[in-house]
Amino acid sequence: RYLLKDAVFTQKDGLKSVQMDFTFENTGFASLPYHRKKNVQLFFIPSESAVSGNEEPLNISSELFTGQKVLTVTADLSSLDSGSYAVYVKFSDSDGTHVIRPANTGWNSQLKAVKAGVCTLKASETN
């Protein structure tokens, strides 16, 4: 069973993207088999909003979770307004099935994702 130990959010590229470094610990007895690599999807939910289950994941680079200790993902934030967002991360097959549920609290059964933390987006800088 995987435990999400830490999530660090760093805004980059003129504040139009965020780099997320997720640190994991495998608290189970076995590693993730090589043929069970999982796609990573992110959900940015405005802090004042409730999760409806109809949210679309944010498009991210084609990173895969293979059971590694540290996973670095970069997401384009240009479609989001500045403000505070709850960030949920989902690990599943490409069609959204066969989800890995980390051992953390903060599991959202509608998104089938675990809350990784809160990210506050600043307004874009202008030149």
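In which loop is His98 found? His98 lies in the loop between β6 (83-92) and β7, where strands are DSSP runs of E with at least two residues, numbered from the N terminus. The model is predicted: local features need pLDDT of at least 70, side-chain atom pairs count only at pLDDT 80 or more, and totals for chains, interfaces and linings use all residues. Residues are numbered from 1 along each chain as its sequence is written, and side-chain values use heavy atoms, with hydrogens and water left out.

**Sheet**

- Five strands make up an open sheet with antiparallel pairing, in the order β4-β3-β6-β8-β7; two strands count as paired if DSSP finds at least two bridges between them.
- The edges are held by β4 (64-65) and β7 (107-108), each with a single partner strand, so one side of each has no neighbour in the sheet.
- Strands of a sheet pair through backbone hydrogen bonds, either parallel or antiparallel.

**Pairing of β7 and β8**

- Two bridges join β7 to strand β8 (residues 113-121) in the antiparallel sense.
- Asn108 has Ala113, in β8, as its bridge partner.

**Positive phi angles**

- Most residues other than glycine have a negative phi.
- His98 is not a glycine, yet its phi is positive, at about 50°.

Technical notes:
Helix = DSSP H or I, 4+ residues; strand = E, 2+ residues; numbered from the N terminus.
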